[in-house]
Amino acid sequence: MSFFGKQNILFLKGFMILFLSCIATRFNFCLSNNPFSLKTLPLEGHLSFDETSLNKASKDFGNRYQYHPMAVMYPKSVSDIATTIKHIWHMGHSSHLTVAARGHGHSLQGQSQTHGGIVIKMESLKVPEMQIHVGNSSPYVDVSGGELWINILHETLKYGLAPRSWTDYLHLTVGGTLSNAGVSGQAFKHGPQISNVQQLEIVTGTGEVVNCSEKQNEELFQSVLGGLGQFGIITRARILLEPAPSMDVERHLSRLNYIRSTLFQTEVTYVEFLDRVHVSEVKLRSKGLWDVPHPWLNLFIPKSKIHSFAQFVFGNILTQTSNGPVLIYPVKKSKWDNRTSVVIPDEDIFYLVAFLTSAVPSSNGTDGLEHILSQNKRILEYCQRENLGVKQYLPHHNTQEEWRDHFGTKWEIFSQRKFVYDPFAILAPGQRIFQKTITTS
Ligand SMILES: Cc1cc2nc3c(=O)[nH]c(=O)nc-3n(C[C@H](O)[C@H](O)[C@H](O)COP(=O)(O)OP(=O)(O)OC[C@H]3O[C@@H](n4cnc5c(N)ncnc54)[C@H](O)[C@@H]3O)c2cc1C
């Protein structure tokens, strides 16, 4: 008998097989997490691995969180997005790759970023071209999910039409605001933007391209609206339009009930009115004050609690508000669809209270980032302590326990839908609701 006994040889063989299969799995794992596997994809657009693109994709308006992606994709077609996601989906749990759709990157806490994954620059997706349908009763426009609202306004105005519901700032993308809700001063009348969309085209977390509406694939339609990007990437949306309002100020005023002494008037065009925040943006940019940290806090407060909230918060916590504007809008629950993913308070009327702070360093330190963050913390702690039934808008939570709390009775359905449409948790990892699990053997 040789130096190796028969048993030893068997053992050695078994060991070698195990060793080789480990190497193969490792190789597969490495390959799947290697840019090489992506470079072979047949795309009309392209993937970029250069540092400038990666650095840009690891920043957002909040200017506080930075996650470095492995690649940035500039899609030219919906099939580019579907092919990429399907590729990652096929790798299952052996790949750590995740995908973050990036609209205009105006998130506050890294929601449109991914650590080591692929950022899809949605603004590159210009097809199909914007199509306006001037019907007799309900006109609409079909737009790309990466389209900016300001561009939609300019295009629809050519037909005397405009979307019915807005955000206060129009340099945001359709996919980005529909993933949250899209709220502004018109929301009390027409509801949020997610109540004014008729149809969507979605690429799910398995790479399927699905058309959905209230009549077709309704569950996916409702999931995606206010769904924080968890169920699919919005590649196309059908937005409802209305005749753009005229400048007849007297007529508009005659329909309002208001305190006469509080009236002041500024005459601007409809575009100037809707695009007003952009004017401030240009000014702030010129002073280097746009790219500062923005520790914003947006809350939905039930009407029955708004007085106590205002008394405590403005009386005890925010004794000076020079860190930025505070917006307060009343909204009607009846204009929101409870079947969507967005979470709102359980009262007929609630208020959006938005603390839009900028952390500009100063000599006495009172308007610094830490100071604002501690104020935000105190506000949230107060809401929790007093059990006000407040919900965060553009929510940010650190643990899944907090997310469960945020969704309340909607959590079960939210997580079930996640399992159906994005079973490997590939999409929108920057929201930090679900974590992709990876197996290396
Ligand atoms: C100056 C300013 C003013 C604002 N004003 C308002 C306001 O008045 N009302 C309001 O409601 N909000 C407002 N917001 C908040 C804004 O709606 C959100 O920050 C929104 O997410 C930003 O849109 P975005 O296109 O930059 O999306 P991003 O920040 O790029 O993305 C937001 C989230 O949506 C996901 N996502 C992006 N595109 C898609 C897509 N096509 N399909 C699926 N998921 C996608 C991302 O992965 C991410 O999770 C404002 C923000 C800023 C910075």
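Student: How far does a polar side-chain atom of Gln431 lie from an oxygen atom of the ligand?

Tutor: In this model, which is a predicted one, a polar side-chain atom of Gln431 lies 3.0 Å from an oxygen atom of the ligand.

Student: And what's the distance for the side chain of Ser107?

Tutor: There an N or O atom in the side chain of Ser107 is 2.5 Å from an oxygen atom of the ligand. Val183 also takes part, but through its backbone, where a polar atom is 2.7 Å from a nitrogen atom of the ligand.

Student: How much of the ligand does the protein bury?

Tutor: The ligand exposes 940 Å² when it is taken alone, and the protein buries 95% of that area.

Student: Ok, and which elements give two or more residues to the shell around it?

Tutor: Those elements are the strand β3 (99-102), the helix α6 (174-178) and the strand β10 (232-243). Counted residue by residue, 33 of them surround the ligand, and the closest are Gly103, Ser107, Asp168, Thr173 and Tyr393.

Student: Gly103 and Thr173, got it. Which residues does Glu123 touch?

Tutor: Leaving out residues up to four places away in sequence, Glu123 touches Arg102, Gly103, His104, Gly146, Leu148 and Thr173, and two of these names, Gly103 and Thr173, are also among the closest residues to the ligand.

Student: Where is Glu123 placed?

Tutor: You will find Glu123 in the loop between β4 (118-121) and β5 (131-133).

Student: New topic: is Thr114 buried or exposed?

Tutor: Thr114 has a relative accessible area of 1%, so this residue counts as buried, although its place is in a loop, the one between β3 and β4. Its side chain reaches the backbone nitrogen of Gly117 at 3.2 Å. Beyond its neighbours within four places in sequence, Thr114 is in contact with several residues, including Tyr67, His68, Val119 and Pro429.

Student: Let's zoom out. What domains is the protein divided into?

Tutor: The division gives domain 1 (33-262 + 411-441) and domain 2 (297-393). The contact between the domains takes 27 residues from domain 1 and 18 residues from domain 2, while their centres, taken over C-alpha atoms, are separated by 25 Å.

Student: How many residues are in the largest nonpolar core, and which have the most contacts inside it?

Tutor: That core has 58 residues, and Leu200, Ala237 and Trp336 have the most contacts inside it. Both domains contribute, since the core draws at least three residues from each of domain 1 and domain 2. A second, separate core has 23 residues, with Leu47, Met70, Leu97 and Val203 among them.

Student: Back to Ala237, what does it touch?

Tutor: Not counting residues up to four places away in sequence, Ala237 touches Val141, Asp142, Val143, Val174, Leu178, Val197, Gln199 and Leu200.

How values were computed: Residues numbered from 1 in each chain as written. Predicted model: local features only at pLDDT ≥ 70, side-chain atom pairs only at ≥ 80, totals over all residues. Heavy atoms only, no water. Core = buried A, V, L, I, M, F, W, Y, C linked by side-chain atoms within 4.5 Å. Buried < 20%, exposed > 50% of the residue type's maximum accessible area, 1.4 Å probe, protein only. Domains from an automatic or database assignment. Contact = heavy atoms within 4.5 Å. Near = heavy atom within 4 Å. Polar contact = N/O pair within 3.5 Å; in protein donor to acceptor, adjacent residues only side chain to side chain. Areas by Shrake-Rupley, 256 points an atom, 1.4 Å probe, with all protein chains shown as cover. Helix = DSSP H or I, 4+ residues; strand = E, 2+ residues; numbered from the N terminus.
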